[in-house]
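Q: I'd like a close look at a single part here, taken slowly and with its surroundings. Could you walk me through it once the model is in view?

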Amino acid sequence: MDAEASLDSLPHVPGTQRPVPTADPELVKRWGSAGGELVELLAQVREQTGGVAGFRLGPGLTVLVTDPQAIQHVLALRPDRYVKRSHRARLLIGDGLLAATGEAWKRQRRLLQSQFTGTGMRRYEHRITQAARTTAGRWEAYARAGQGLDVGKEMHRFALDTIWRSLTGHPLDDETAHELEAVEAVGAALPTLPADADKARDAVAADLARIDAVAGRAIEAARSGAVGPDGPGLLHLLTDAGAERPEYTDQLIRDELVTLLAAGHETTATTLTWLYLLLDQYPDAREEALAAGEEGSEERRRAIQALVHETLRLYPSAWLLPRHAAEDDTLVGHTVEAGTDILVCPYLTHRDPQLWPDPERFDPQRFLTPGGRPTHPGAYLPFGIGPRACLGLQFALRESTVLLEHLLPAHTVTFSSTPAKAQYGITVRPAGPALATLKPAVV
């Protein structure tokens, strides 16, 4: 063991500081030569060095943070010192809430906050239920016809229908659904686009034009006062803000709309797809959830929510949260210099065997059994924690639960083809189709 590792193994005494332990440079070289996924490097860095670990991909030091106490410090206790810079999806979402910083972010967050908590959420209950019933009806037709389906595409259609109803008051029609496939296409392309901003934009220009056209039509309809059968939606809130606040330009309204579309459907769709893939491996989990209580009971609802939570543990919506140290700081006893890049990795924290026994196993009982999961806020954070935690947490949990209440009792899913691996981009998504057939569930 080298001197630095020996120092790091000592218990931290409050008030003392020590350098961030740094991974062996040869480890980074080997990873670079192999051309593997970033998550593979991060997993090796964490295993070699610990929950606060430095490594160098370039001239500067990057610090990987997976320790719960350090995560809470970075995201919740000192968000002013560990700031968010340019979002990887800025090409798609512009200056929308996810990419905004500083005072602009505070203004945008305040406007949307009330829509996703308490009374605000009740406005969308009917829309969520209607989208779930539409999906359930489509699955019933597949089952009767013996027709196969791609579970991933089905979950994207449901989640997009839900957020479109919530934004516009209209159910999602086939033409709009087809055009909005461009949102997913741009999101999937982001990790492989050229570093040059102009070249990156040129590479996805056609898809961005499709997105802008749909957004433009929806904004004009909302501005004209037109409402859908479910009444006004979130988009009307944005256009009303545009009439009263000069900062809410047409461009910013477009950026917020696309942000809500992208963030409001991609994460939910991906989570639900992973959940069905996990149930294929652990079929008893479905039976246990349905046996927890009668249809509509609180017991069954909690059991279904546990399925969702355990899926989010294994495949968190935000698997990697980049931050930048704006000033010098002490992070759980380690000296962090201003200018250091920070990578908070919920994906690795959620799979830490010291926090989650048998972490690779899908076990929803962790979220139902007293003491079954760690209680530290930095140990489970599929949507982040702190002031920049995802606004749509409750919305996503609610729509996932409602859909599963409709689908799980009605059908069993048999996969004929499943993705061989995960793809680590902005989200962790299955790398390929999830083809399946449906059978009526045995009552």
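In which helix is His-236 found?

A: Happy to. A word first: this is a predicted model, so please read everything below as computed from predicted coordinates.

His-236 is found in helix α14. Its relative accessibility is 9%, and a residue counts as buried under 20%, so His-236 is buried. Setting aside the neighbours within four places in sequence, His-236 is in contact with Leu-167, Thr-168, Ala-222, Ala-226 and Val-227.

Now the helix around this histidine. The buried residues of α14 are Leu-234, Leu-235, His-236, Leu-238, Thr-239 and Ala-241. In general, an α-helix has 3.6 residues a turn, so residues three or four places apart point the same way. The partners of these buried residues are α6 (102–113), α9 (151–168), α13 and α15.

Let's take α13 from that set. Two packed helices are described by the angle between their axes and the distance between the axes. Helix α13 (residues 205–223) packs with helix α14 (residues 234–244) at an angle of about 75 degrees, and their axes are 9 Å apart. Angles from 65 to 115 degrees count as roughly perpendicular, and therefore α13 is roughly perpendicular to α14. On the α13 side the contact is made by Ala-218, Ile-219, Ala-222 and Arg-223, and on the α14 side by Leu-235, His-236 and Thr-239. Sorted by class, this contact of α13 with α14 has four nonpolar, two polar and one charged residues.

Next comes α15, another of the elements against which the buried residues of α14 pack. Thr-259 is found in α15 and is buried, with a relative accessible area of 4%. Beyond its neighbours within four places in sequence, Thr-259 is in contact with Ile-93, Gly-96, Leu-97, Leu-98 and Gly-264.

Further on, α15 meets helix α16 (residues 283–291): their axes come within 4 Å and cross at roughly 105 degrees. The two helices are therefore roughly perpendicular to each other. Here Leu-279, Asp-280 and Gln-281 of α15 meet Pro-283, Ala-285 and Arg-286 of α16. By class, the contact of α15 with α16 has three nonpolar, one polar and two charged residues.

A pair of aromatic rings is described by the distance of the centres and the angle of the planes. There are eleven aromatic pairs in the model. Of these, let me start with Tyr-124 and Phe-395, an edge-to-face pair at 6.1 Å centre to centre with 65 degrees between the planes. Tyr-124 lies in the loop between α7 (119–122) and α8 (125–145), while Phe-395 is in helix α19 (residues 393–407), so this pair ties together parts that are 271 residues apart in sequence. Tyr-124 counts as buried at 2% relative accessibility, and Phe-395 counts as buried at 5%. Trp-274 lies in helix α15 (residues 250–281) and Tyr-315 in the loop between α17 (298–314) and β6 (321–325), so the pair ties together parts that are 41 residues apart in sequence. Trp-274 is buried, with a relative accessible area of 7%, and Tyr-315 is buried with 15%.

Phe-116 joins Tyr-124 and Phe-395 in a cluster linked by ring pairs. Arg-351, in turn, lies over the face of Tyr-315, at 5.3 Å from the ring centre.

Finally, two backbone details for your viewer. Most residues other than glycine have a negative phi. Val-332, however, has a positive phi, near 40 degrees, and lies in the loop between β7 (329–331) and β8 (334–336). Asp-358 is not a glycine either, and its phi is positive at about 50 degrees. Asp-358 lies in the loop between α18 (346–349) and α19, and counts as partly exposed at 44% relative accessibility.

Conventions. Residues are numbered from 1 along each chain as its sequence is written. This is a predicted model: local features need pLDDT of at least 70, side-chain atom pairs count only at pLDDT 80 or more; totals for chains, interfaces and linings use all residues. Side-chain values use heavy atoms; hydrogens and water are left out. Rings of Phe, Tyr and Trp (its six-membered ring) pair if their centres lie within 6.5 Å; planes under 30 degrees apart count as stacked, over 60 as edge-to-face and the rest as tilted. Buried means under 20% relative accessible area, exposed over 50%, partly exposed in between (1.4 Å probe, protein chains only). A charge sits over a ring if NZ of Lys or CZ of Arg is within 6 Å of the ring centre and within 35 degrees of the ring normal. Axes are lines fitted to C-alpha atoms, for helices over the stretch in contact, and angles run from 0 to 180 degrees between N-to-C directions. Angles under 35 degrees count as roughly parallel, over 145 as roughly antiparallel, 65 to 115 as roughly perpendicular and the rest as oblique. Contact means heavy atoms within 4.5 Å. Ala, Val, Leu, Ile, Met, Phe, Trp, Tyr, Cys and Pro count as nonpolar, Asp, Glu, Lys and Arg as charged, and the others, Gly among them, as polar.
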